[in-house]
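Reader: I would like to go through this structure with you. Could we take it step by step?

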Amino acid sequence: MEAIRVPRLGPGRPRTRPNHRQTYHLRNAVERCFSRLKQWRGLATRYDRTRESCQATVTIASILLWL
């Protein structure tokens, strides 16, 4: 059997980053919003050819999700 090498803690080893609760909360809200917008078939398949029609679809979807 071969031994498993375990890294040692030392001055060169990076420490864990602190958890920023507010940043995580905002990022999670944005990710959930994108997930719900992707459920719209027109947005998910990109049927809109022009920039204006795509923006209108995103706006309508966002308003309906907000309501």
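Reader: Where does Ile60 lie?
Author: Ile60 is part of helix α3. The model is a predicted one.

Reader: Is Ile60 buried, partly exposed or exposed?
Author: Its relative accessibility is 48%, so Ile60 counts as partly exposed; the class of exposed residues begins over 50%.

Reader: Which residues make the nonpolar surface patch?
Author: Ile60, Ile63, Leu64, Trp66 and Leu67 make it, and the patch covers about 630 Å².

Reader: Staying with that helix, which residues does α3 span, and where is Thr57 found?
Author: Helix α3 covers residues 51-66, and Thr57 is found in it.

Reader: Is Thr57 buried or exposed?
Author: Thr57 is buried, because its relative accessible area is 18% and the limit for a buried residue is under 20%.

Reader: What is Thr57 in contact with, leaving aside its neighbours within four places in sequence?
Author: With those neighbours set aside, Thr57 is in contact with Leu43 and Asp48.

Reader: How much of the chain is buried?
Author: Of the 67 residues in the chain, 6% are buried. The accessible surface comes to about 7300 Å², and carbon and sulfur atoms account for 56% of that surface.

Reader: Now the loop between α2 and α3, please. Which residue is found there?
Author: Tyr47 is found in that loop. With a relative accessible area of 54%, Tyr47 is exposed.

Reader: And what does Tyr47 contact, leaving aside its neighbours within four places in sequence?
Author: Apart from those neighbours, Tyr47 is in contact with Arg41 and Gly42.

Reader: A change of topic: how many disulfides does the structure hold?
Author: The structure holds 0 disulfides.

Reader: How accessible are Cys33 and Cys54, then?
Author: Cys33 has a relative accessibility of 40% and counts as partly exposed. Cys54, at 33%, is also in the partly exposed class.

Reader: What is the secondary structure of the chain overall?
Author: The chain has 3 helices and 0 strands, and its elements run α-α-α from the N terminus on.

Reader: Last topic, confidence. Where is it lowest and where is it highest?
Author: Confidence is lowest in helix α2 (residues 41-45), with a mean of 72, and highest in helix α1 (residues 21-37), at 87.

Reader: And what does the chain average?
Author: The chain averages a pLDDT of 77, and 70% of the residues score at least 70.

Technical notes. Residues numbered from 1 in each chain as written. Predicted model: local features only at pLDDT ≥ 70, side-chain atom pairs only at ≥ 80, totals over all residues. Heavy atoms only, no water. Helix = DSSP H or I, 4+ residues; strand = E, 2+ residues; numbered from the N terminus. Buried < 20%, exposed > 50% of the residue type's maximum accessible area, 1.4 Å probe, protein only. Contact = heavy atoms within 4.5 Å. Disulfide = S-S within 2.5 Å. Patch = residues over 30% accessible without salt bridge, like charges linked within 9 Å, V, L, I, M, F, W, Y side chains within 5 Å. Areas by Shrake-Rupley, 256 points an atom, 1.4 Å probe, with all protein chains shown as cover. Salt bridge = Lys/Arg side-chain N within 4 Å of Asp/Glu carboxyl O. pLDDT = per-residue confidence, 0-100.
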